[in-house]
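Subject: Structure handover

Hello,

The structure is below, followed by notes on what was found in it. Please read the notes next to the coordinates.

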Amino acid sequence: MLKETIDKLPYVKRMRAMYARHERAMVPAVLLFGFIFDIFTFKSIDVNTAFLLLGVHLVIVMLSILFVNFCDIRWKDSTSNILNKLRLFSILLMQFSFGALLSAAFIFYSFGGSISGSWPLIVLLLFMMIANEVFKQFYLKTVVQVSVLFLVLFVFLSIVFPFVFHSISLWFFVLAGVTSLAIISLYVFALYKLFPILKQKEFYFYFNIILIFSLLNGLYFMNFVPPIPVSMVDAGMYQGLKRIPGGYDLVQQKENIFEKIVPGKKLKIVEGEPIYAFTSVFAPSKLQTKVVHNWQWQDDKTKEWKTINKLSYNINGGRKQGYRGYSLITKAREGSWRVLVETERSQVFGKIKFDVEFVDKITTREHIKK
């Protein structure tokens, strides 16, 4: 009775009509809002709290899949209105948690690597985020739910393990894959015991799981997966550098407002003058690793990037502003350059692009302290 009265209210009818007219526009708008919300959420809270929240989302997804299957298989003949409402709520809650897990993974991997070096994984996660919002009916299939659950479980563990073990060793990515396989195998086995009818789709369950496992491992060993939790905080090219108490004194040519806005940088130097690549790299407490500066010059004729030198320095995690370090070369050629900031496994998580131009005399320069 109350529900019928509410449905007849003019503003309720207008809201439903508006939703029907603008549903296509509202879906990406809500997705964008949720994504921006997650960015501010995960940047403002402690990483351990973030992992706890994501763990809760994983549990919610697992329980929601079980409950929806109980409703669709065990209680399919039930006419209970309460049960139908709980089923709908479980589906919405499951999709909300899937969205949170996918967007969190997207954010972590976007912050942890350069787009050019990690774009396949980032595109995959972005596609899954959009699919979760747009193809809602597709997500009602148990095979799809379990497949996406395995994807987010694998990605979640591959982010958590480096934080827990204070290392970006490839073995912890392997451990994340093996652990996620073990968990999802037990979960699927439990589904078979509770709902024997799902055994008919056993091939599709394991085909999708093996496909996702192979895809993520392929991306990792081709260095398309950024080295979470290491990330770039600051980077720049300079014509002079000196170590001072508490930091560095960096020398660069003065730039006007337009030059500061335009991406890339032109270094005007006297031939033979050294140039410095300065980077600040974040790593969590107790994590020790090596940062590699891969200096590359672009051949004017072939347009290929050629490695001129690889220089490295060790970092110790724990500094919020990042661990600072630098490398230099003294025989730079004129033309286009880039410095790829990598791990020892050549995982790219930062890039500095610049051009070198020879001049007869030094231009006006300024000092910056970092």
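Two strands count as paired if DSSP finds at least two bridges between them. Helices (H or I, at least four residues) and strands (E, at least two) are DSSP runs, numbered from the N terminus. This is a predicted model, in which local features need pLDDT of at least 70 and side-chain atom pairs count only at pLDDT 80 or more, while totals for chains, interfaces and linings use all residues. Residues are numbered from 1 along each chain as its sequence is written, and side-chain values use heavy atoms, with hydrogens and water left out.

Strands

An open sheet of three strands is ordered S1-S5-S8, with antiparallel pairing. Its edge strands, S1 (231-238) and S8 (323-329), each pair on one side only. S5 (residues 275-282) is joined to S8 by seven bridges; Thr279 has Gly325 in S8 as its bridge partner.

S9 (residues 335-342) pairs in the antiparallel sense with S6 (residues 288-298) over six bridges, and Gln296 stands opposite Arg338 in S9. Eight bridges join S9 to S10 (residues 348-358), again antiparallel, with Val341 partnered by Gly350 in S10. S9 and S10 form a hairpin with five residues between them, and Ser346 in the turn has a positive phi of about 70°. Seven of the eight residues of S9 are buried (under 20% relative accessible area; exposed is over 50%, partly exposed in between; 1.4 Å probe, protein chains only).

Salt bridges

With a salt bridge taken as a side-chain nitrogen of Lys or Arg within 4 Å of a carboxyl oxygen of Asp or Glu, the count comes to six. One of them joins Arg87 and Asp72 at 2.6 Å, N to O. Arg87 lies in helix H4 (residues 81-112) and Asp72 in helix H3 (residues 47-74), so the pair ties together parts that are 15 residues apart in sequence. Asp234 and Lys370 meet at 2.8 Å, N to O, in another salt bridge. Here Asp234 is in strand S1 and Lys370 in the segment after strand S11 (365-369), so this pair links parts that are 136 residues apart in sequence. Asp299 and Lys306 also form a salt bridge, at 3.0 Å, N to O. Asp299 counts as buried at 13% relative accessibility, whereas Lys306 is partly exposed at 37%.

Regards
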